[in-house]
Structure formats: structure tokens, C-alpha cells
Amino acid sequence: MKKALALILALMMVFAFTACTQESATTTSGDEAQAAESGTELPESITYVTLGSTGLDTLKQAAEEFESETGVEVIIEDWAYSDAYQKILTLAEGGNMPDAMYGFASWTREFKEAGYISCAEDYIGQDLFNDFSEAARSVCSVDGKMWTMPSYMSVRTILFNQNMLDAAGVSVPTTWDELLEIAPKLYDPENGQYAYSLVAGHAKNTLDCFLPILWAYGADVTNEDGTANGFANEEGIAALQMYVDLAQYAVPDYGEATINETQSNFTNQVAAAYFHNAQGMRALADAGEDYSWVTIAEPLAGPDGEKYALGVMDIDILFATGNEEITAKFLELWHTAQYQGSVIEDAGWVPNQQSYFDERPAFSDETNVMVAPFCALEPIAKFKPSLIGWEEIQKVMADYVTKAVMGEMSATDAFTAAGEQVDKLLAD
Amino acid sequence: MKKPKRIDRNKREKWLNMLYILPMLAVYVVFILYPMTSVMKLSLFDKKINGDMIFVGLQNFVDFFTNVDTPRVFLNTAIWVFLGVFLKLGLGLIMALALYKKFYGKKLITGIMLIPYAMPAAVACMIWRLLYNPMFGHIGQFLRDLGITTQAVGFLGNTKTSLIAVMIVNVWAVAPFCALNILSTLYSIPKYIYEAASIDGANAWQRFRCITMPLISSSMRTLGILIGIWAFNSFDVIYMMTQGGPANSSAILVNLIYDNAFRFNNRGYSAAISVVSFVLLSVFAILYVRAKEDEVSYE
């Protein structure tokens, strides 16, 4: 009896270990795909990851068409925005990347250096390459080559609630100083009215709101050659002080808000102004509500007249899985006015392919307030840098902006300390 | 001739017993010992973006202890663990003493008391985030109605209050578990001890101080160490409520480990913080084992 029991336990242990080794069998599928790729065989399927259900239904339509044309199934996965970076890094470490993915432009350099991705320029057709705007291509380029593909792009500027401005008897400001001057007139917390809605707690979104001010004041995240910080100087500290001063008149949820809350504060007419794209107006339009009270203004200028819109570039990434050729074909089908163009139009984003302007009338319509004013700002749009270690640099900067806004440190001390930490990260 | 047979049987039994514990030993080696030694090894390396592993010795530990945010994170962890344990045990004791007595609706109240403990953490965090919302949250509105504050207050978005705000949620969720444990210990105290004390003229406070507390102290000490270890490792509540922010004001050591490993891709540095956490937790573990040895009895 004891021997039989011991034998059963030992067998169970062997089966358990065998189950663990099944993983190594499946991880060789990438190698098989590579072998198939170099030959004439296509893989059975490829995987594309989208984030936050963006364009999910349209993606599925494109996937169906692709499968009917090539016989290759496109498996669409939908991940949350918030943990996409952690998830893809973990998969990449284990060699289990999807074939393509929607991501953020700031990942380009890091993924290229890590060897996770293949150069998109080498795989996509010349027609698609030429269709992208020069600005969009440069955001996705490292050392002169376009490593990732420009995807969704939005241009953010300042939007005002004209009703609140009129009620306060003030006109649309053109500089950040002017906004600060009129802020007290727009600030009535007892009646739930505030001058501005900003973020000063969430790492990524804090910089989304702060960078246009930093740039307008003549500072930047790094210096020109990217070897040191570009904000621990007079201009950067002045920009931070402006942000601290503005926060006094801002909706008090800035410590825990994300960019979505700033949009809600604006569309619910709690905040007189915020910095974003047409998404808020799109949300009001979709809900059948009036948005004629929204004034889209040019970005506010700094002391020297400089002004910048915030360009937000999302990308499509081609991972080095061995299926690059066929995956690039799917991305070429996806990057057409019929598919991705329709998603961009519905979302109120800015197209970065000429064919979208040519084939979708909404993008060329000068009276389309969802698109035309933001497209016009593209020449003065600046994008977040693509740096190795950007997530950590972004967090350090955002944390010190938060500390200054919360009164824990002066603007000078905050950016001096942040500058030292960022210099160390850039040197690593 | 008989002796060799007995020796053979003993030897065979010993090998058989080894075979019985082999599966558990294998699980321990694969899922505990191997990952632990891998992390300790990783803490001595720096992994570059191109995958190169560079031996840096104790540099990761030096970087951790010289980081400007480290003292704050240690302080947060100490507050989270020690103050949190104190509050959980205190609230649990009060609830247990209340439930010790017989009263109408006791079973219903006990069931309601267990709801915070039974509720999934994600649901609890979502509810509390809404309660704490500075614009429309009930807590802020309640304080404004009482005249304590005139303006909207962001508890989660304020570096001074974020940690305490999240701790309240954690205490609210864990105190019922403490109450149940203390209650079961209270039920094990023989009633005749209280009767004897009453006959001797002891009042309620004296009975509590001289009988109840000594007899439950061992159990509470063990419980305190256990929930202290859980608090040290608790990641979910802080991550879901504030993600350790704003500006690391509510971050404890485990948040730092997560951020460095999965957000910043600093695996070696994260492993170094893990080793430091392991050393600190080992102290808790030793205290836990020692606490089990101390017992008070009046019998």
C-alpha cells in the first residue's frame, strides 16, 4: 500500500514537471514562423494588439478582409492603456511578443535598442511610407530611419468655455500670464466654478498638461543633444511657478485626476479652460448636447511669444517575431482611409496620412471644428521625446511638479532636485 | 539473522518517508527557493536595455539607500504597517467585545460586520474612491455640511493625506477579520474566571484589564504579527487607490519594487529592494515564531 502511494506521488510530480516544460515547446513556434517566413509558407495567424478598445470593431473588419485575401487569421487582442507598457515588456523578455501592436511614440528608441522590434521602413511599401507626413515620420524615427509607424495622432491646444468667459467679462487670453490675470475672475469655488482644470498627480498626464507651458517658456525636458536636463534653469523654474500659480485657481481634484477628469470638468462646465483635443466636443456631440460654447484657441504663449501645441503620437509597432512581411501587409491594409481613417474621424483626432485628407471629406472641411483647428496647429505641435528610460524620467519630473504644486517644495528647489535626478538617468 | 531484517525494514521506511515529502520539497525548491536565489543574484546585476547583464555588486543597494525618495518610502511603510496594525487590532478588539455579549440581532450584525472583509478589494477601492472624490464624494460633502471645511478636499490627491486615506480603507477591510479572531479567543476563556473575579469585587474594567487582556494577549500578539506581514506585502489597495502617488506620498516598499521592475525596467534595482524587504520580513517571521511560544493561563 505504502509503495503504491509513493509511486502515485512520484508519478504526479513527474507529470507536474512535464506540464511546466510544455511552455518551452510552444515558445519554439516563433522559430517555426521564421522558418516558414523565409520559405513560401505563411503563418496560420498573426496577432495585433490594440489598447483601450481603440478601433476594435473596425480592426475586426480589416482582419476579416485580410483573412479572406491571404488566408492568414489576424487575432486581435485588446489591452488596457494603463498596464500596456509593463505587459509588453514582460512578454518581450520571454520572447512572446505579438506580431504588431498599437503603442506610444516614446517607446520607439527603447524598443529599438532592446532589439524587440524590426524597422518598419524596411517592410512597408513605399506608397504608405510617402503617405505619412514628414513630422509624423520624424517622431517615429531613430537615427534617420522610421522604426515604428505613425498611427493615431492628436494635437492638443487650450479650449475655453466662452459662456464662463462672457459671464466674467473677460476675453480669450493669448498668453499664460494673461490667463493667470483673469483666473481670479473665473474662480468661484462656492458655486463650483474654477478657472482651469489640470493634472498634478498622475505621472504621464501631469506632463501632458505641463509640457506646453514648459516649452512656451523656452525650456524643455532635455538639452539639445539629450545629455542633460533642459528644465533646471530660469525658464523651466518660471514655467513651473506658472503651473503652481494656475493650480490655485484650478479644480481641486488635480492631485488624483487624470486627463479624463479634466475633460469631464470642462464638458460639465466646471472649469473655464483646459488643454486637450477635440475629444470633449466629440463626447458632447455623441451625447446630443450643445458644444457651441467651446472656443478652440491657439496655445498660449510664454514671455518671449513662443507657443506650442502638444502633439500626441501613437504608433504601430512591428515586433521581431519572424512574421514581419505578412504583418506589414496587414498594417498596410489597416492604414487606409477606409479603416484607420474612419477610426480617426470618429475619435476626433488628426490624420497624419495625406490619403486620409484626400479620401475622407471631413478632414478637408474647414468648417469641421473637430478637425480643422487642430490640423492647423500641427506645424507648431511638439511631441514628447523618445528617450531610453522615458517612463522613469517622466515620473521624476511629474513627481517634482506635484511637490511644487502641493507646496512641499519651491519651484526652484523642485526643479533643481529633479534636474539632478534626470541627469543621472540620462547618464545611465 | 532477525536483526538484519529489522534494519532493512527501518531503512526502507526511511526512504519511503523521504519519497512522501519529495513532492512538497520539489514544490518548495521550484517555487520558493529558486526564485528567491534568482532575485538575490539579480540584485547584484544591472540589466541594460540591450539585455546585457552587468555585475555591479552592491551598487543597487547603495543607489537604493541614497535615493532621495527612500526615507519617505520607509516612513510610509512603517506608518502603514505599525499604525495600521494598531488600528486594525484596536478596532477589531472593540468589535469583538461588542459581539461577545448576547443581544437581539447579533447574528445579523455579525454578518454585516463581515461585509468589508468579504468584499473584493477592487470593488471596495472603487467605492472608496467615489466617496473620497473632492467634487462629488460623500465624505467631502459631509465635512462641508458640518462646516469643518468650506472647500472641496482631495484626500487621495493630497500628499499629506493620501497615505492615511488609503490606510482607512485597509483598516476598514481587515478589522473584521481581527474581530473574528479575537472573538474566538474570547469564547475560549472559561466563564468561571470572570465569576470568581466578580465575587471578589472586580468591576468591568478590572475584569477586562486583569483577565481578558492577559488571556487574549498571546493570540493578539500572534495576530498582530501576521497582519503586519500582510500589511507589509499589501500592494493591491494602494495600487488601485493612488498607485503610490501623488509623488510617492502613499508608496510603500512593494510599490517601489513593482514600479522599478515593471514600469521602469530596472530589474536589478527592484531585486535589491526585494532583498531589503525580505530581510525586514524575516525579522517579522522570527518574532511570529517566538510569539507562539508565549502563553498566559490561569488554569
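Leaving aside its neighbours within four places in sequence, which residues is Asn170(B) in contact with?

Author: The model is a predicted one. Once neighbours within four places in sequence are left aside, the contacts of Asn170(B) are Gly84(B), Ser234(B) and Val237(B). Asn170(B) itself sits in helix 7 of chain B, which covers residues 162-187. Asn170(B) counts as buried because 24 C-beta neighbours lie inside 10 Å, and the cut-off for that class is 20 or more. Asp236(B) stands 66 residues away from Asn170(B) along the chain, yet the two C-alpha atoms are separated by 10.0 Å.

Helix 7 of chain B also packs against another helix. Two packed helices are described by the angle between their axes and the distance between the axes. For helix 5 (residues 121-132) and helix 7 of chain B, the axes come within 11 Å and cross at roughly 135°. Helix 5 of chain B is therefore oblique to helix 7 of chain B; an angle would have to be over 145 degrees to count as roughly antiparallel. The crossing of these two helices, helix 5 and helix 7 of chain B, is right-handed. On the helix 5 side of chain B the residues that meet helix 7 are Ala124(B), Cys125(B), Trp128(B) and Tyr132(B). Helix 7 of chain B answers with Ala165(B), Val169(B) and Ala173(B). By class, this contact of helix 5 with helix 7 of chain B has seven nonpolar residues, no polar and no charged.

Asp236(B), mentioned above for its distance from Asn170(B), leads on to the next part of the chain. Helix 10 of chain B spans 236-241, helix 11 spans 253-263, and Pro246(B) lies in the loop between them. The peptide bond from Gly245(B) to Pro246(B) is cis, with omega near -5°. Gln243(B) has its place in that loop between helix 10 and helix 11 of chain B as well. Phi of Gln243(B) is positive, near 55°, in a residue other than glycine. Gln243(B) counts as buried, because it has 20 C-beta neighbours inside 10 Å.

The rest of chain B gives the setting. Chain B has 12 helices and two strands. Chain B has a radius of gyration of 25 Å, whereas a compact globule of 299 residues would have one near 19 Å. Along the principal axes, the C-alpha atoms of chain B fill a box of roughly 75 × 65 × 30 Å. Of the 299 residues in chain B, 31% are buried. Among contacts in chain B with a separation of 6 or more, 70% are between residues 24 or more positions apart.

Chain B also touches chain A, in a contact that takes 27 residues from chain B and 30 residues from chain A. On the chain A side, the elements that give two or more residues are helix 1 (2-26), helix 4 (84-93), helix 5 (108-114) and helix 19 (390-405). Helix 1 of chain A gives the most to that side, with six residues. The side of chain A that touches chain B divides into 14 nonpolar, six polar and 10 charged residues.

Chain A itself has 20 helices and 10 strands. Buried residues make up 48% of the 428 residues in chain A.

Helix 9 (residues 176-186) and helix 11 (residues 234-247) of chain A pack with axes 10 Å apart, at an angle of about 25°. Helix 9 and helix 11 of chain A are therefore roughly parallel to each other. Their crossing, that of helix 9 and helix 11 of chain A, is left-handed. Trp176(A), Leu180(A) and Ala183(A) of helix 9 make this contact with Met242(A), Asp245(A) and Leu246(A) of helix 11 of chain A. By class, the contact of helix 9 with helix 11 of chain A has five nonpolar, no polar and one charged residues.

Notes:
Residues are numbered from 1 along each chain as its sequence is written. Chains are lettered from A and ligands numbered from 1 in the order in which they are written. This is a predicted model: local features need pLDDT of at least 70, side-chain atom pairs count only at pLDDT 80 or more; totals for chains, interfaces and linings use all residues. Helices (H or I, at least four residues) and strands (E, at least two) are DSSP runs, numbered from the N terminus. The radius of gyration is taken over C-alpha atoms; the globule rule is 2.2 Å times the number of residues to the power 0.38. A residue is buried if 20 or more other C-beta atoms lie within 10 Å of its own, exposed if 12 or fewer, and partly exposed in between; C-beta atoms are placed from the backbone. Two residues are in contact if their C-beta atoms, placed from the backbone, lie within 7 Å. Ala, Val, Leu, Ile, Met, Phe, Trp, Tyr, Cys and Pro count as nonpolar, Asp, Glu, Lys and Arg as charged, and the others, Gly among them, as polar. Axes are lines fitted to C-alpha atoms, for helices over the stretch in contact, and angles run from 0 to 180 degrees between N-to-C directions. Angles under 35 degrees count as roughly parallel, over 145 as roughly antiparallel, 65 to 115 as roughly perpendicular and the rest as oblique. A crossing is left-handed if the near helix is turned anticlockwise from the far one by less than a right angle, and right-handed if clockwise.
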